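Let's walk through this structure together, beginning with a pocket and then moving on to the nonpolar cores. Keep the 3D view open as you read.

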Amino acid sequence: MAEILTVDTHSPAETRALGEKIAACLQPGDVVLLEGELGAGKSELARGIARGIGVKETVTSPSFTILNVYESGRCPLYHFDWYRLESAEELYELGMDEYLGGDGVALVEWAERIPEALPETCSRIRLEATGEEDRRIGISGLQPFEKDNNE
């Protein structure tokens, strides 16, 4: 696995701004796993990534819908939340596996619930709350981002 770049943010706005920078490195077919406990900032980071891709719609957490699709950006954005899924079969029955590695960027929250449904190559972003608004964000597998931000 690629080296992990760690970034600290100190507000939701900073977390969203980091998401915008990450979006610049993303291409159609990329799958990004957003990992962290409830309230860690996954949705804020997703909003920033969406804004960086050019999504015009309001980005909401897909907790109850399992998948939100945004098509107004430079490529489609597929935002998954697998928390309520019980098995890979459930994912396949819903046809959602077709969005992973397809024509857009896929953000997957709670991917650890169904790891067998993931493509071989994924980027990982781990978010950890270190204070009320402070977050420590570990990024791995986004080579252009890591290279540009480690200089």
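Helix α2 gives the most to the lining of the largest pocket, with 3 residues. Helices here are DSSP runs of H or I with at least four residues and strands are E runs of at least two, numbered from the N terminus. The model is predicted, so local features need pLDDT of at least 70 and side-chain atom pairs pLDDT 80 or more, while totals for chains, interfaces and linings use all residues. Residues are numbered from 1 along each chain as its sequence is written, and side-chain values use heavy atoms, with hydrogens and water left out.

The pocket has 18 lining residues, with G39, A40, G41, K42 and S43 nearest its centre. Both α1 (12-23) and α2 (42-53) give two or more residues to this lining. A pocket is an open set of points on a 1 Å grid over the protein atoms alone, where a 1.4 Å probe fits, with protein on both sides within 12 Å along at least five of seven lines; lining residues have an atom within 4 Å of a point.

Now turn to the largest nonpolar core, where I22, L45, I49, I53, L77, L107 and I125 touch the most other members among 24 residues. Such a core joins buried Ala, Val, Leu, Ile, Met, Phe, Trp, Tyr and Cys residues through side-chain atoms within 4.5 Å, buried meaning under 20% relative accessible area with a 1.4 Å probe and protein chains only. Here too α2 gives the most, with 5 residues. A second, separate core has 19 residues, including I66, L91, M96 and A111.

Definitions and conventions:
Buried < 20%, exposed > 50% of the residue type's maximum accessible area, 1.4 Å probe, protein only.
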